[in-house]
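Please open the model in your viewer and keep the sequence panel beside it. The stops below are given in the order in which to select them.

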Amino acid sequence: MSPLEIGIIGMGNVGSGVAKILTNQADMLTRRAGRPIHLRKATVRDLSRDRGVTLPDGVLTMDVNEVIDDPEISVVVQLIGGIEPAREIMLHCLNAGKNVVTANKALLCEHSDEIFAAARENNCCVAYEAAVAGGIPIIDVVGESLASNQLLSIEAILNGTSNFILTEMFNRDASYDEILHEAQQLGYAEADPTFDIDGTDAAQKLVLLTHLAWGTRVSLEDFPRRGIDTLELADLKYAGELGYKVKLLATSRLTDDRLEMHVQPTLIKTDRPLANIDGAFNAVSLMGDAVGRTWYCGPGAGQMPTASAVVSDIVDMALGRTALTFPHLEIWRAGSEHEVVPREEITSRFYLRFQVEDRPHVFADIADILGQHDISLASIIQHESPELDEAKEGECSIVPLVVMTHRTQLGKLLAADKALSELDALREPRIRLLVAD
Ligand SMILES: NC(=O)c1ccc[n+]([C@@H]2O[C@H](COP(=O)([O-])OP(=O)(O)OC[C@H]3O[C@@H](n4cnc5c(N)ncnc54)[C@H](OP(=O)(O)O)[C@@H]3O)[C@@H](O)[C@H]2O)c1
């Protein structure tokens with residue numbers, strides 16, 4: 001059969017991995033796709049840079065139009081990161097009648113309406129398995145394999161960099177700054193890791209999964225997100241004492257026909273599988289009404305795991321599998337849109353850490369204010385102050401006070417926090433983390 005002609009736009013880390021698999025596994029892929037998959041063009045900005053893969057002369061080009069205008073290329077693998085020019089290039093490709101495979105979650109998170117509409121108008125498909133959780137085939141699972149289920153919840157560790165940092169801080173009693181620096185040297189964190197550590201990357205992926213699972217288009221502003229950049233080792237250790245691990249958890253949960261969504265550092269009981277996902281791995285826990293709870297785990301990023309997902313999408317394109325599912329996606333989900341629960345109504349147990357003056361009545365004052373806001377306490381940890389003996393006469397030492405609440409609404413806690421901030425005996429910081437039971 002005639003080969004499926006591919007053009008890669010963006011031969012960076014992932015693009016080079018895709019080229020490696022297409023080159024090294026050509027025979028296997030031909031058998032699986034039913035026809036050869038041929039890399040015809042690959043665009044870069046700098047022709048002189050080593051891509052770690054040998055390509056025939058004439059494949060690399062600096063001109064994106066050599067891909068867009070080539071009538072032989074039917075599938076474009078779009079691997080430029082960020083929004084522009086990736087968005088414009090992707091629209092050009094779709095308007096030229098080409099199917100697109102991409103790993104760009106930032107672009108799909110913000111512009112999937114426009115991009116998917118262009119794909120449907122041109123009778124094309126957009127496949128994006130690589131955009132969420134790298135090597136874990138979670139788009140396939142949520143979009144197709146669990147189509148028999150009403151999904152009830154998604155709980156996921158979707159950022160490997162954050163998970164690596166949390167794991168190493170806890171295991172080695174190290175500070176956030178120390179491990180972030182190490183993660184950058186090892187290549188787990190970008191030179192500018194902002195989107196990884198502030199929760200944006202995980203939130204973008206949660207938006208894509210939520211859209212697939214419930215047909216609801218949510219934007220990043222519609223739900224709270226926080227990253228790991230404000231976490232201290234002390235909180236990971238207190239959580240450990242209480243029988244929990246802290247993970248950056250992305251959650252979408254159907255509750256009373258609305259979606260509760262957040263990306264937050266969250267305490268997870270150590271006997272739950274998600275609590276034991278360490279290092280740069282990702283994991284997703286899905287609850288379906290028929291299947292019950294299922295778990296998926298694997299490398300969430302990196303050159304070859306991400307390329308693995310991209311090439312699987314290319315094989316699906318060759319077999320027509322994406323054409324079967326993609327155009328119908330919106331129709332399946334039509335009529336199932338859900339409102340997002342306002343931030344104040346998010347309901348959970350909470351972990352609170354206060355830095356307090358070690359003197360009488362302080363705990364009673366805190367408990368009183370929490371009680372006035374209808375927040376009841378499940379447990380408390382207060383360690384003896386190490387500075388107790390050194391405290392000067394007339395001065396109090398500052399000790400941490402850790403409180404676990406029963407289930408309550410975030411709005412009540414925020415109101416209580418205002419009142420707590422008036423207490424003289426409380427010092428900064430006041431830490432608040434979600435608890436996922
Ligand atoms: N890396 C991962 O582990 C991973 C995991 C999941 C998803 N992703 C997503 O995959 C995509 C690619 O990531 P990556 O790590 O491969 O990025 P990367 O290494 O920075 O590669 C980007 C490529 O795009 C090319 N490029 C950038 N701007 C261009 C332009 N205006 N015109 C033509 N080419 C341009 C660059 O060319 P030069 O090389 O010549 O500069 C480079 O080849 C991103 O959307 C990322 O979020 C990455």
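Helices (H or I, at least four residues) and strands (E, at least two) are DSSP runs, numbered from the N terminus. Residues are numbered from 1 along each chain as its sequence is written. This is a predicted model, in which local features need pLDDT of at least 70 and side-chain atom pairs count only at pLDDT 80 or more, while totals for chains, interfaces and linings use all residues.

Begin with Pro85, which sits in the loop between strand E4 (75–78) and H4, and display the peptide bond that joins Glu84 to Pro85, which is cis with omega about 10°. Then move to Pro429, in strand E17, where the bond from Glu428 is also cis, with omega near -5°. Most residues other than glycine have a negative phi, and most peptide bonds are trans.

Next, select Asp257 in the loop between strand E8 (244–255) and strand E9 (258–269); Asp257 is not a glycine, yet its phi is positive, about 65°. For burial, a residue is buried if 20 or more other C-beta atoms lie within 10 Å of its own, exposed if 12 or fewer, and partly exposed in between, with C-beta atoms placed from the backbone. Asp257 counts as exposed because it has 8 C-beta neighbours inside 10 Å. His361, in the loop between E13 and H15, has a positive phi near 75° and is exposed, with 9 other C-beta atoms within 10 Å.

Which residues touch the most other members of the largest nonpolar core? A nonpolar core is a set of buried Ala, Val, Leu, Ile, Met, Phe, Trp, Tyr and Cys residues joined through C-beta atoms within 7 Å, and in the largest one, of 126 residues, they are Ile8, Val18, Val77, Val310 and Ile314. Helix H10 (residues 200–214) supplies the largest share of this core, 9 residues. Centre the view on Ile8: beyond its neighbours within four places in sequence, Ile8 is in contact (C-beta atoms, placed from the backbone, within 7 Å) with Gly15, Val18, Ala19, Leu39, Ala42, Val77 and Leu79.

Show the ligand next. Its shell holds 23 residues, the closest being Gly10, Gly12, Gly81, Ala103 and Ala301, where a residue is near if its C-beta atom, placed from the backbone, lies within 6 Å. Helix H1 (residues 13–24) gives the most to this shell, with 3 residues.

Follow helix H5 (residues 105–121) to His111, where it bends by about 90°, the bend being the angle between axes fitted to the seven residues ending there and the seven starting there. The buried residues of H5 include Leu107, Leu108 and Phe116, and the buried residues of this helix pack against helix H4 (86–95), strand E6 (126–127) and H10. After H5 comes Asn123, with a positive phi near 60°.

Finally, select helix H16 (residues 410–420), whose buried residues are Leu410, Leu413 and Ala416. Seen down the axis of H16, these residues fall within an arc of 120°, so they line one face of the helix; the arc is that of the directions from the helix axis to the C-beta atoms. Their cover includes strand E13 (347–357), helix H15 (362–372), strand E16 (408–409) and strand E17 (426–436).

Terms used
Contact = placed C-beta atoms within 7 Å.
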